[in-house]
Amino acid sequence: MDGSSKEEEEDSTFTNISLADDTDQSSRILCPRPQSLLSKMMNADMDDLSARVDAVKEENLKLKSENQVLGQYIENLMSASSVFQTTDTKSKRK
């Protein structure tokens with residue numbers, strides 16, 4: 001096997017860096033490519049954000065539903081209570 005086919009087998013997210021000016025490639029190391037790491041990190045962050053947005057949307061819908069139930073309950077209590085009934089003050093004075 002020659003050196004070029006060995007490089008093709010390696011992961012494309014790494015870059016070969018030579019430590020010396022040699023031609024036998026014995027002093028080469030593999031370093032991660034910054035852009036591939038950055039894109040992986042951004043994708044992970046986007047996945048996390050997307051999951052968080054979905055969770056917040058679900059919680060928002062749940063809270064809206066609960067608020068509607070509580071609002072209807074309060075309206076029913078107010079309509080049943082004499083404190084909140086409208087009164088005609090002129091008719092009571094006569």
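Helices here are DSSP runs of H or I with at least four residues, numbered from the N terminus. By that numbering, Tyr73 lies in helix α2, which covers residues 34-80. Please note that the model is predicted.

**Select the whole chain.** Three helices and two strands are present, and their order from the N terminus is α-β-β-α-α. Of the 94 residues in the chain, 2% are buried. The accessible surface amounts to about 8700 Å², and carbon and sulfur atoms contribute 55% of that area. Among contacts with a separation of 6 or more, 3% join residues 24 or more positions apart.

**Colour the chain by pLDDT.** The average is 75, and 56% of the residues reach at least 70. Which elements have the lowest and the highest mean pLDDT? Helix α1 (residues 3-9) has the lowest, at 47, whereas α2 has the highest, at 91.

**Select residues 1-11.** The pLDDT is below 50 over this stretch. Beyond near neighbours in sequence, residues 1-11 make six contacts in the model.

**Return to helix α2 and select Tyr73.** This residue, placed within residues 34-80, belongs to a nonpolar patch on the surface.

Definitions and conventions: Residues are numbered from 1 along each chain as its sequence is written. This is a predicted model: local features need pLDDT of at least 70, side-chain atom pairs count only at pLDDT 80 or more; totals for chains, interfaces and linings use all residues. Side-chain values use heavy atoms; hydrogens and water are left out. Patches are made of residues with over 30% relative accessible area and no salt bridge: like charges are joined within 9 Å, nonpolar side chains (Val, Leu, Ile, Met, Phe, Trp, Tyr) within 5 Å. Accessible areas come from the Shrake-Rupley method with a 1.4 Å probe; for residues, only the protein chains shown count as cover. A salt bridge is a side-chain nitrogen of Lys or Arg within 4 Å of a carboxyl oxygen of Asp or Glu. Buried means under 20% relative accessible area, exposed over 50%, partly exposed in between (1.4 Å probe, protein chains only). Contact means heavy atoms within 4.5 Å. pLDDT is the predictor's confidence in each residue, from 0 to 100.
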